[in-house]
Amino acid sequence: MTQIIALTNQKGGVGKTTTAVNLAASLAALDRRVLLVDLDPQGHATMGSGIDKHALEGSVLDLLLGEKSAPEVMLDCPAAGYSLLPGNGDLTAAEVELLDRAEGRERSLTEALGSVAGEYDVVLIDCPPSLNMLTVNGLTAANGVLIPLQCEFYALEGLSALLDTVEQIKDSVNPNLAIYGILRTMFDSRNSLTRDISKQLRDYFGEALLKTTIPRNVRVAEAPSHGLPVTKYARFSRGSQAHRVLAKELIRRLSL
């Protein structure tokens, strides 16, 4: 069974796209068939996969508006090891178009993925860092949510709002949506605030808090400028190793 996982956090700058790209590459390296969907108008997951977001002949926008099929838009990323449904700034138009639809607007991505999702073991959706119709489409299409979270006070506030959103989506359009895990990113165990917030997360969320943490690592920050996941750019770096451990934890957790 294909697992469709939405990576989302309404607070930006928590490593969401970095996690999406490097998790996709790590799962692919473990012989899983992976599709990455760039649902963020910033197009960072597309660029991090080695694709020029300014030179796309088709994007997720075309899927959401029903103008092209997924196979027509899909790109192979051989260096990264996965397939990509690319996105760019054109996705901003999708937000306006979808809001004008009378019904079914939250299911546009679900319908677009219907023809291809079964060909993959995992579909990862990189959602925008905001609650809008694109994010709603991502959460509606997903089986579960992976929440990257930086261990700081404001991130905790954002997490509360996100969990409310997930509950609203469950109540309205996707009753089977689950929290697959909360991932601590930019993690520095030497920082007392990081340790304190980790304890709060563990006490409150229990098993939902993933054991894997993603450390601050300069190689992770450098990799997108080379159009590569860090697992390919600097495979022996701490950041690369952490994402491989994350992939293995999710494989065990979700029986991928």
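This is a predicted model: local features need pLDDT of at least 70, side-chain atom pairs count only at pLDDT 80 or more; totals for chains, interfaces and linings use all residues.

Visitor: How do you know that the radius of gyration agrees with a compact globule?

Guide: We set the value against a rule. For 256 residues the rule gives a radius of gyration near 18 Å, and the protein chain has 17 Å, so the two agree. Along the principal axes, the C-alpha atoms fill a box of roughly 50 × 40 × 30 Å. Within the chain there are twelve helices and eight strands, and buried residues account for 54% of the 256 residues.

Visitor: Which share of the contacts joins residues at least 24 apart?

Guide: Taking contacts between residues at least 6 apart in sequence, 77% join residues at least 24 apart.

Visitor: Why is Asp62 called buried?

Guide: The label buried is for residues under 20% relative accessible area. Asp62 has 13% relative accessibility, so Asp62 counts as buried. You will find Asp62 in helix α3, residues 60-64.

Visitor: What does Asp62 touch, leaving out residues up to four places away in sequence?

Guide: Asp62 touches Glu67, Lys68 and Val73. A contact needs heavy atoms within 4.5 Å.

Visitor: How do you know where empty space is left?

Guide: A probe the size of a water molecule is rolled over the atoms, and that shows where space is left. Here the largest pocket has a volume of about 320 Å³. It is lined by 21 residues, and Gly15, Lys16, Thr17, Thr18 and His44 are the closest to its centre. Two elements give two or more residues to this lining: α1 (16-29) and α2 (44-48). The largest share, five residues, comes from α1.

Visitor: What classes of residue are in the lining of the largest pocket?

Guide: There are ten nonpolar, nine polar and two charged residues. Gly counts as polar.

Visitor: What is there to say about the second largest pocket?

Guide: The second largest pocket holds about 260 Å³ of space. Of its 15 lining residues, Gly15, Thr18, Met186, Val220 and Ala221 lie nearest the centre. Two or more lining residues come from each of α1, β7 (178-187), β8 (209-215) and α10 (218-222). By class, this lining has seven nonpolar, seven polar and one charged.

Methods:
Residues are numbered from 1 along each chain as its sequence is written. Side-chain values use heavy atoms; hydrogens and water are left out. On a 1 Å grid over the protein atoms alone, a cavity is a set of points where a 1.4 Å probe fits but cannot get out, and a pocket is an open set with protein on both sides within 12 Å along at least five of seven lines; lining residues have an atom within 4 Å of a point. Grid points are joined across faces, edges and corners, and a volume is the space filled by probe spheres set on the points. Helices (H or I, at least four residues) and strands (E, at least two) are DSSP runs, numbered from the N terminus. The radius of gyration is taken over C-alpha atoms; the globule rule is 2.2 Å times the number of residues to the power 0.38. Buried means under 20% relative accessible area, exposed over 50%, partly exposed in between (1.4 Å probe, protein chains only).
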